[in-house]
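I wanted to go through this model strand by strand and loop by loop, and to write down what I looked up. These are my notebook entries, in the order in which I made them.

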Number of protein chains: 2
Amino acid sequence: MTATSNSINNGRLHRDAPIGVFDSGVGGLTVVREIMRQIPNEKIIYFGDTARVPYGSKSRETVTRFSRQIVRFLETFQVKTIVVACNTASAYALDILEQTSDIPMIGVVKPGARMAAEVTKNGRIGVIATEATIGSQIYAEYIRKLNKNVAIYGKACPLFVPLVEEGLLEDPVTDEIARRYLTELIDIDIDTLILGCTHYPLIRSTLGRIMGSGVTLVNPAYETARELRGMLERTGMLNEEPPRLGGNRYQFYVSDKADKFVTFANSIIKYGILSAKTIPIEQY
Amino acid sequence: MTATSNSINNGRLHRDAPIGVFDSGVGGLTVVREIMRQIPNEKIIYFGDTARVPYGSKSRETVTRFSRQIVRFLETFQVKTIVVACNTASAYALDILEQTSDIPMIGVVKPGARMAAEVTKNGRIGVIATEATIGSQIYAEYIRKLNKNVAIYGKACPLFVPLVEEGLLEDPVTDEIARRYLTELIDIDIDTLILGCTHYPLIRSTLGRIMGSGVTLVNPAYETARELRGMLERTGMLNEEPPRLGGNRYQFYVSDKADKFVTFANSIIKYGILSAKTIPIEQY
């Protein structure tokens with residue numbers, strides 16, 4: 001992470017600038033929710049790529065191309081940092097994004113990996129995520145850098161996102177699908193489970209019930225907001241006071257279906273989201 | 001449909017030219033399968049928009065923009081006709097596509113609507129499809145043009161596509177979800193059910209079992225291939241003889257993940273698909 005050097009050296013970054021956050025769609029709002037809770041004085045520009053969602057079944061090249069367009073869009077707001085609030089984009093694109101932009105960035109994978117490496121006692125960590133994130137092996141890679149003696153078991157759970165988007169958060173069908181996906185992780189006796197997709201915290205209670213109380217669920221959204229706070233503090237970029245009224249504190253942009261996004265967003269975030277704007281992301 | 005006039009008046013269209021077929025992803029292969037069966041002498045260029053799949057949850061504007069790019073791509077092959085093998089694109093974009101291209105086009109909605117209007121006896125027709133197709137009311141509109149005394153009941157079934165893509169074609173979970181979606185159509189006593197999404201023929205047996213033997217399932221893929229054959233015959237564009245060997249009879253293009261596409265395609269189409277090529281569709 002080049003955050004520290006960039007934010008000190010780059011005179012264009014301002015403390016009162018907004019934080020840019022992006023995701024393939026609505027899932028990243030669970031990260032926004034944590035940022036709002038943990039660092040409430042910050043302005044946020046959110047972008048959800050609802051025209052091209054989902055990312056989790058797509059290739060590294062495609063996810064990287066889409067992510068670069070989004071970074072160029074967020075750069076137009078002179079954001080002081082960018083949170084890649086999508087596990088798939090963090091897994092596939094974060095390295096290249098950091099190389100091609102001056103803005104400090106933070107993904108959701110490293111913070112989640114670090115927490116899992118800290119909390120495991122028996123050294124057996126499970127990761128549930130999209131096909132892309134699991135295929136990239138990125139969680140395993142980061143965790144092993146921190147602790148070579150840990151075993152990591154990845155399981156792709158492609159039906160969780162559509163089930164969440166259909167609102168089946170507490171439902172026998174979601175229970176049944178979760179049981180199928182999680183059985184092998186239970187059998188392997190993991191004691192820590194990373195929720196490696198931003199949608200999964202929304203079915204946290206189902207996952208917790210099936211895994212049992214002996215398994216710690218790690219929500220990278222929470223850890224990412226904590227790490228973001230630390231990064232802003234270290235670099236003198238944390239807003240100490242709330243932004244002035246009328247300053248459009250939270251702005252939401254999408255590539256499609258702004259109305260549907262607003263409805264979903266209001267079910268996740270307590271702060272009432274009044275509107276979202278649709279922009280042509282492929283032109284960036 | 002401007003097919004007849006176009007194909008007679010436009011000297012650029014050749015009988016031995018390929019047929020262009022496109023879909024948001026793999027679903028349109030059920031239409032390709034029917035075309036291969038019913039008019040085996042034709043060459044086919046297929047495009048699946050796997051980088052931006054699915055279309056069924058996206059807006060009219062977005063689906064139209066994507067579809068126009070695909071038509072421009074297919075035009076580079078001098079195709080003699082274009083089959084819009086995606087219900088959502090047929091519902092949202094076919095009218096505009098026909099206005100902005102000289103190539104005759106055929107969608108999957110009209111053929112399916114016509115068959116349903118013919119086979120219903122009690123005048124109660126159900127349509128299951130994506131959110132977009134149901135929201136467009138296009139099946140109801142077409143069927144009512146043919147028969148004003150018919151009642152049409154639409155039901156969006158957003159989980160069917162992910163369940164099919166996960167391979168749960170015969171599964172208790174798919175049964176349970178299908179029962180929830182179909183119960184109201186059973187209660188309304190429909191006698192005809194249109195499978196208004198190209199993925200749904202792949203769970204035809206589940207749908208048939210739940211609806212019962214008194215309900216006729218209409219597969220627009222079959223009707224579309226039949227209508228395509230009729231259109232080509234009327235305009236003198238049907239190939240009477242098989243294309244010469246070595247002529248790349250069937251060509252498959254996608255916007256992402258060619259390997260995964262080939263695997264799925266080979267599970268749908270008996271003809272072995274050796275390869276698919278990835279192209280940057282947003283540049284068209």
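**Entry 1: ground rules.** I note that this is a predicted model, in which local features need pLDDT of at least 70 and side-chain atom pairs count only at pLDDT 80 or more, whereas totals for chains, interfaces and linings use all residues. Residues are numbered from 1 along each chain as its sequence is written, chains are lettered from A and ligands numbered from 1 in the order in which they are written, and side-chain values use heavy atoms, with hydrogens and water left out.

**Entry 2: the sheet of chain A.** I took helices (H or I, at least four residues) and strands (E, at least two) as DSSP runs, numbered from the N terminus, and I counted two strands as paired if DSSP finds at least two bridges between them. In chain A I found an open sheet of six strands in the order 4-3-1-2-9-10, with parallel pairing. Strand 4 (105–107) and strand 10 (277–278) of chain A stand at the edges with a single partner strand each, so one side of each has no neighbour in the sheet. Strand 4 of chain A is joined to strand 3 of chain A by three bridges, the two running parallel, and A:Val83 stands opposite A:Ile106 of strand 4. Helix 4 (residues 87–100) of chain A lies across strand 1, strand 3 and strand 4 of chain A, at about 165 degrees to strand 4; contact means heavy atoms within 4.5 Å.

**Entry 3: strand 2 of chain A.** Is strand 2 of chain A buried or exposed? Five of its five residues (44–48) are buried, so strand 2 is largely enclosed by the rest of the structure; buried means under 20% relative accessible area, exposed over 50%, and partly exposed in between (1.4 Å probe, protein chains only). One side carries A:Ile44, A:Tyr46 and A:Gly48, the other A:Ile45 and A:Phe47, and all are buried. I then followed the pairing: five bridges join strand 2 to strand 1 (residues 19–23) of chain A in parallel, with A:Tyr46 as the bridge partner of A:Val21. Another five bridges join strand 2 to strand 9 (residues 250–254) of chain A, also in parallel, and there A:Phe47 has A:Tyr253 as its bridge partner.

**Entry 4: loop residues.** The peptide bond between A:Val53 and A:Pro54 is cis, with omega about 0 degrees, and A:Pro54 lies in the loop between strand 2 and helix 3 (60–75) of chain A. In chain B, the bond from B:Val53 to B:Pro54 is cis, with omega near 0 degrees. A:Gln78 sits in the loop between helix 3 and strand 3 (81–84) of chain A and is exposed, with a relative accessible area of 52%. A:Gln137 sits in the loop between helix 6 (131–136) and helix 7 (138–146) of chain A, and A:Gln137 is exposed, with a relative accessible area of 52%.

**Entry 5: a helix pair in chain B.** The axes of helix 2 (residues 29–38) and helix 12 (residues 258–268) of chain B come within 10 Å and cross at roughly 45 degrees; axes are lines fitted to C-alpha atoms, for helices over the stretch in contact, and angles run from 0 to 180 degrees between N-to-C directions. The contact is made by B:Leu29, B:Thr30 and B:Arg33 of helix 2 and by B:Phe261, B:Ala265 and B:Ile268 of helix 12.
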